[in-house]
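Here's a quick briefing on charge pairs, a charged surface patch and one hairpin. Have the sequence and the 3D view open as you read.

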Amino acid sequence: MSEFDDEVPVLIVGAGPVGLSAASFLGRYGVRVLLVEKRADTSVLPRAPGLQARTMEIFRAAGMGKEVRALEIGDSHPFFEGGILRVNTYAEIADAEVVEAPSLDGPDISPERVMGCGQDRYEVVLADKAREFGAELRFGTKLLSVEQDADGVTARIENRETGEVRTVRAGYLIGADGASSTVRKALGVERSGRGTVFNALSIYFRAPELEAVLADRPFILCYATAGGEMTGLSRLHGCDPWLAAPVYHPEKGESPDDFTDERCVEIVRTASGIPGMDVEIMNKVPWEGAQLVAERFRVDRVFLAGDAAHVHPPAGGFGANTGIHDAHNLAWKLAARLAGWGGEDLLDTYHDERHAVGSAMAEQAMVRNRIRHGYADDEVRRQMVDDIVITLGYRYTSQAVARPEPAPVLTAPLTLDGSPGTRAPHLWLERDGNRISTVDLFWDSFVLLTGPDGGAWHEAASRLAGRTKVPLKAVRIGAGGDYTAVEADWAAAYGVSPRGAVLVRPDAFVAWRSTDALPEPELVLADVLGRTAGAGVAAAAR
């Protein structure tokens with residue numbers, strides 16, 4: 001009989017968008033997961049309402065894109081196209097200044113597009129999918145302690161209602177438990193950055209008259225400056241309530257307790273420019289706009305993801321999306337390790353890749369915050385990179401990318417040309433009258449893409465796939481192949497000649513490419529596959 005109450009391959013702490021996504025992705029990969037969350041249930045507030053195109057691509061690949069997309073109320077895309085506005089009062093929306101007009105997606109860039117939906121609704125879908133894929137979710141359960149050794153992680157958890165304490169043994173643990181992460185603190189991982197930048201209060205409210213005042217003007221966020229403070233307004237989630245977010249100043253003795261319902265009503269009325277407007281306060285939540293990045297995202301068998309790893313001001317809406325991207329990057333690598341074909345070196349690349357991305361996004365959030373609040377000079381404005389680069393154009397440099405081309409994490413303008421370390425270009429493909437995106441090809445294996453003239457590469461990959469533990473598929477695009485490209489030349493889009501080949505990882509990022517044919521293609525592929533999977537050449541060619 002085991003000395004542990006529960007034994008699982010992976011324990012996840014935290015059931016926000018990041019933890020639930022990690023549970024869903026791992027379950028989809030066939031990994032058994034236990035998730036614990038101290039809250040009684042999923043979120044009841046429509047936070048993190050913007051889901052990026054890349055996030056929707058990941059949900060699509062995981063088999064839950066349609067369910068998430070079905071949550072969209074009407075067409076939310078025009079609201080994103082409306083950008084970031086600044087006004088004196090919301091009643092003066094006709095004279096709004098456009099502070100930011102970010103590019104976010106496009107039909108030539110992604111098969112998906114951004115959408116608005118509060119996490120109170122999409123967390124329910126994520127939780128249902130996690131359970132469908134085999135994960136066990138225990139809400140109302142608190143992490144008490146974490147210890148690890150060479151063979152696994154031992155955690156003590158407590159049922160907050162009954163007080164029952166259980167001991168869980170896991171192969172790996174993911175800390176997705178937010179900015180005040182218990183897991184990070186238990187590991188003793190320090191954070192660096194600017195710390196708290198501002199303090200704000202989210203005021204959720206109803207005000208029917210506001211609909212007429214805004215005259216259907218779409219926007220991501222609209223700042224009102226009346227009354228001497230910036231008050232942001234948003235309803236990207238598509239339904240009541242509205243969200244207003246005034247800042248407050250602890251250094252002046254202010255605290256959330258000072259914001260009574262009556263004061264919040266006056267804040268909303270002042271920002272609206274309508275003194276007698278009916279306002280119903282639904283909820284109030286204080287929060288910090290901070291910039292802090294954990295020094296390490298991996299400590300042996302424990303990993304940090306989402307706000308537990310990196311926090312930054314919400315400018316840009318990068319927080320939940322970046323965390324979900326963390327979750328998928330880690331999920332396929334953990335699944336590979338647990339399945340026996342991914343090496344320990346592959347797990348190390350989680351920190352290498354996501355720490356660089358998290359740090360870059362934290363900097364970009366700070367740039368936007370300074371611009372929006374009027375603190376930016378010309379140099380700061382020059383540092384700003386368009387949103388579409390941040391959400392779809394980030395690039396990885398690690399051992400899981402063979403011969404990456406030197407480039408910063410964020411390269412403007414957006415360049416998706418098949419370079420190793422970047423997200424594989426989106427092209428529409430057809431087979432037997434069915435249309436899919438190239439992005440749809442990538443989920444549970446490495447994929448080698450070739451054209452009609454790349455037969456040597458295709459045959460080498462097909463042979464290697466039969467004798468390696470690393471999952472590998474060979475896909476030929478073009479006449480006589482598996483798919484035909486609908487509107488573009490796939491080889492040109494991926495930066496290779498008709499005789500070239502491109503190896504793409506399970507997360508749709510390019511691992512390697514050869515612009516032309518090479519001698520002994522099977523040996524070349526075995527070498528590349530072994531190194532990018534962290535398994536070594538021998539394992540790849542076994």
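This is a predicted model: local features need pLDDT of at least 70, side-chain atom pairs count only at pLDDT 80 or more; totals for chains, interfaces and linings use all residues.

**The hairpin**

- Strand β19 (residues 428-431) runs antiparallel to strand β20 (residues 434-437), and the two pair over four bridges.
- Looking for a specific contact, Glu-430 has Arg-435 in β20 as its bridge partner.
- Two residues sit between β19 and β20 in this hairpin, and Asp-432 in the turn has a positive phi of about 55°.

**Salt bridges that tie the chain together**

- In general, side chains of opposite charge can pair when their charged atoms come close.
- The count here comes to 42 salt bridges.
- One of them joins Glu-57 to Arg-423, with the closest N and O atoms 2.8 Å apart. Glu-57 is in helix α2 (residues 53-61) and Arg-423 is in the loop between α12 (387-392) and β19, so this pair ties together parts that are 366 residues apart in sequence.
- Are these two partners buried or exposed? Glu-57 is buried, at 1% relative accessibility, and Arg-423 is buried too, at 0%.
- Arg-60 makes a salt bridge with Glu-112, with 3.0 Å between the closest N and O atoms. That pair links distant parts of the chain, 52 residues apart: Arg-60 is in helix α2, while Glu-112 is in the loop between β5 (97-100) and β6 (115-116).
- Arg-60 counts as partly exposed at 27% relative accessibility, whereas Glu-112 is buried at 13%.
- Glu-344 and Arg-298 also meet in a salt bridge, at 2.6 Å from N to O. Since Glu-344 is in helix α10 (residues 344-372) and Arg-298 is in strand β16 (residues 298-299), the pair ties together parts that are 46 residues apart in sequence.
- Glu-344 is partly exposed, with a relative accessible area of 31%, but Arg-298 counts as buried at 14%.

**A salt-bridge network**

- Which residues are linked in a network of salt bridges? They are Asp-6, Glu-136, Arg-138, Glu-164 and Arg-166.

**A positive patch on the surface**

- Lys-38, Lys-142, Arg-160 and Lys-185 gather on the surface in a patch of positive charge.
- Lys-185 is part of helix α6 (residues 182-187).
- Its relative accessible area is 58%, so Lys-185 is exposed.

Key: Residues are numbered from 1 along each chain as its sequence is written. Side-chain values use heavy atoms; hydrogens and water are left out. Patches are made of residues with over 30% relative accessible area and no salt bridge: like charges are joined within 9 Å, nonpolar side chains (Val, Leu, Ile, Met, Phe, Trp, Tyr) within 5 Å. Accessible areas come from the Shrake-Rupley method with a 1.4 Å probe; for residues, only the protein chains shown count as cover. A salt bridge is a side-chain nitrogen of Lys or Arg within 4 Å of a carboxyl oxygen of Asp or Glu. Lys and Arg count as positive and Asp and Glu as negative; His and the chain ends are not counted. The place of a charge is taken as NZ of Lys, CZ of Arg, CG of Asp or CD of Glu. Buried means under 20% relative accessible area, exposed over 50%, partly exposed in between (1.4 Å probe, protein chains only). Two strands pair if DSSP finds at least two bridges between them.
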